[in-house]
Amino acid sequence: MEKYLDILEIVIYGSAVALILIGLYGTLTKKSLIKIVLGLSIMDSGIHLLMIALGYLKGGTAPIFSKGYENAADRMVDPIPQALVLTAIVIGFGVTAVALSLVIRLYRHHDTLRIDEIKNLKW
Amino acid sequence: MKKYIVLGLLAVLGYYLMNVFLLIDFGMPHFAQGVKDVYLSSSENVLQVSNVVTAIVVNFRGFDTLGEVTVLFLSATAMSGILYKKRHDIGDRSILFPASSIIRAGSKMLFPTITLLGVYVFVHGHLSPGGGFQGGTIIATGFLLMLLTYQNYSVSHNRLVWVESIAGILFVVIGLAGYFMKGSFLENVLPVGQLNDLFSGGVIGIIYVLVGFKVAAELIGIIYTMLHEKG
């Protein structure tokens with residue numbers, strides 16, 4: 001059981017850090033605006049995974065007092081990171097929507113999505 | 001060249017991030033333990049809400065949720081402002097192609113079911129996993145299916161604005177009722193009922209239904225704006 005938890009810890013924290021780094025890499029090196037927005041979105045999901053993992057409890061159940069779980073309060077996982085991630089997902093959606101509409105507007109004006117070809121910042 | 005510099009920097013960043021996170025005991029009760037206990041016990045005993053995440057989102061941090069819904073509204077407004085075009089420029093939806101008859105018949109059958117599932121999810125938000133945001137998103141996917149299948153399926157923009165505004169105003173009115181009757185914004189003013197009943201938790205169920213309507217209207221508006229965009 002202990003060994004299993006160690007592997008789980010490395011897998012979950014490792015994939016959260018990997019998602020954050022992949023998103024950062026895409027944002028820093030890619031030239032296409034769509035790929036930059038995708039990189040931001042991937043970075044978002046890495047952070048969500050990390051926050052959920054911080055609230056995990058060994059052998060815990062979901063924080064819901066459904067029938068048969070009325071007295072299980074001491075083995076429930078932490079509900080606060082889950083509520084925060086619910087907020088963060090919605091805000092991330094709004095940010096992505098606005099960023100994509102800015103990309104559409106830029107494409108309409110410059111006829112290209114590559115940021116190295118958009119030189120003049122006048123609209 | 002630039003690629004390798006970035007990769008090196010990211011490797012250093014990843015090494016230190018990983019080392020920091022491995023210091024935290026995984027699966028052990030560690031940080032903010034008292035806060036968690038207070039939320040769990042008062043959600044079960046005071047509010048009689050089974051889903052503690054819902055209790056936190058709508059009651060303990062209800063003001064935060066009001067701001068979150070406002071951010072969603074703001075992003076929908078910003079999108080339609082950024083993508084604004086003069087009326088005579090709006091043409092057909094040229095990115096779409098006609099759907100086959102299987103998809104037409106299937107989406108007609110699926111649409112009421114998807115809407116029903118969405119309504120179920122946000123009505124039972126305080127009893128089971130789910131809630132206003134999730135249910136609203138499910139309803140918006142039903143409308144996305146109809147908009148992608150039928151070329152001339154249209155949603156009345158006025159009606160969306162009305163649904164959204166009425167839901168938002170009622171949210172604030174419930175909050176103000178708590179302020180005037182109990183002394184703080186979004187305080188519970190209704191009887192709390194029994195744990196695991198549909199009518200439990202006082203205003204939490206009502207607020208989550210309103211949030212569901214509001215989120216659904218906003219998402220349908222965003223999808224509609226994006227689909228009518230010709231690039």
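Two residues are taken to be in contact if their C-beta atoms, placed from the backbone, lie within 7 Å, and the legends that follow use the term in this sense for a predicted model.

**View 1. The largest nonpolar core and the surroundings of B:Ile207.** The largest nonpolar core has 48 residues, and those with the most contacts inside it are B:Ala55, B:Ile56, B:Ile207 and B:Ala216. At least two residues of this core are supplied by each of the following elements: helix H3 (79-110) of chain A and, from chain B, helix H2 (33-45), helix H3 (52-60), helix H4 (62-82), helix H5 (101-123), helix H6 (132-149), helix H7 (157-182) and helix H8 (203-227). H8(B) contributes the largest share of this core, with 14 residues. When residues up to four places away in sequence are not counted, B:Ile207 touches B:Val58, B:Phe171 and B:Ile174. A second, separate core of nine residues includes A:Tyr13, A:Leu21, A:Leu50 and A:Ala53.

**View 2. The contact between chain A and chain B, seen from the side of chain B.** Chain B brings 45 residues to the contact and chain A brings 39 residues. On the side of chain B that touches chain A, the elements giving two or more residues are helix H1 (2-22), H2, H3 and H4 of chain B, and H1(B) gives the most, with ten residues. By class, the residues on this side of chain B divide into 29 nonpolar, eight polar and eight charged.

**View 3. Packing of H1(A) against H1(B).** Helix H1 of chain A, residues 2-29, packs with H1(B) at an angle of about 155°, and their axes are 10 Å apart. Because angles over 145 degrees count as roughly antiparallel, H1(A) is roughly antiparallel to H1(B). The crossing of these two helices, H1(A) and H1(B), is right-handed. From H1(A), the contact is made by A:Tyr13, A:Gly14, A:Val17, A:Leu21, A:Leu24, A:Tyr25, A:Leu28 and A:Thr29, and from H1(B) by B:Lys2, B:Lys3, B:Val6, B:Leu10, B:Leu13, B:Gly14, B:Leu17, B:Met18, B:Phe21 and B:Leu22. The residues of this contact of H1(A) with H1(B) comprise 13 nonpolar, three polar and two charged.

**View 4. Packing of H6(B) against H8(B).** H6(B) and H8(B) pack at an angle of about 35°, with their axes 7 Å apart, and H6(B) passes H8(B) in a right-handed crossing. On the side of H6(B), the residues that meet H8(B) are B:Gly132, B:Phe133, B:Gly135, B:Gly136, B:Thr137, B:Ile139, B:Ala140, B:Phe143, B:Leu144 and B:Leu147. Their partners in H8(B) include B:Tyr208, B:Val211, B:Gly212, B:Ala216, B:Leu219 and B:Ile223. The contact of H6(B) with H8(B) divides into 15 nonpolar, five polar and no charged residues.

**View 5. Packing of H4(B) against H8(B).** The axes of H4(B) and H8(B) come within 10 Å and cross at roughly 20°. Because angles under 35 degrees count as roughly parallel, H4(B) and H8(B) are roughly parallel to each other, and their crossing is left-handed. B:Val69, B:Leu72, B:Phe73, B:Ala76, B:Met79 and B:Ser80 in H4(B) meet B:Val211, B:Lys214, B:Val215, B:Glu218, B:Gly221, B:Ile222 and B:Thr225 in H8(B). The contact of H4(B) with H8(B) has eight nonpolar, three polar and two charged residues.

View 6. A:Asp111, although not a glycine, has a positive phi of about 60°, and its place is in the segment after H3 of chain A. A:Asp111 has 10 other C-beta atoms within 10 Å and is therefore exposed. B:Leu186, also not a glycine, has a positive phi of about 65°, and B:Leu186 is placed in the loop between H7 and H8 of chain B. B:Leu186 counts as buried because it has 25 C-beta neighbours inside 10 Å.

**View 7. B:Asn196 and its contacts in both chains.** B:Asn196 lies in the loop between H7 and H8 of chain B. With 17 C-beta neighbours inside 10 Å, B:Asn196 counts as partly exposed. Not counting residues up to four places away in sequence, B:Asn196 touches A:Ser66 and A:Lys67 of chain A together with B:Ser50 and B:Leu127 of chain B. B:Asn196 and B:Glu44 are 152 residues apart in sequence, while their C-alpha atoms are 10.0 Å apart in space.

Technical notes:
Residues are numbered from 1 along each chain as its sequence is written. Chains are lettered from A and ligands numbered from 1 in the order in which they are written. This is a predicted model: local features need pLDDT of at least 70, side-chain atom pairs count only at pLDDT 80 or more; totals for chains, interfaces and linings use all residues. A nonpolar core is a set of buried Ala, Val, Leu, Ile, Met, Phe, Trp, Tyr and Cys residues joined through C-beta atoms within 7 Å. A residue is buried if 20 or more other C-beta atoms lie within 10 Å of its own, exposed if 12 or fewer, and partly exposed in between; C-beta atoms are placed from the backbone. Helices (H or I, at least four residues) and strands (E, at least two) are DSSP runs, numbered from the N terminus. Ala, Val, Leu, Ile, Met, Phe, Trp, Tyr, Cys and Pro count as nonpolar, Asp, Glu, Lys and Arg as charged, and the others, Gly among them, as polar. Axes are lines fitted to C-alpha atoms, for helices over the stretch in contact, and angles run from 0 to 180 degrees between N-to-C directions. Angles under 35 degrees count as roughly parallel, over 145 as roughly antiparallel, 65 to 115 as roughly perpendicular and the rest as oblique. A crossing is left-handed if the near helix is turned anticlockwise from the far one by less than a right angle, and right-handed if clockwise.
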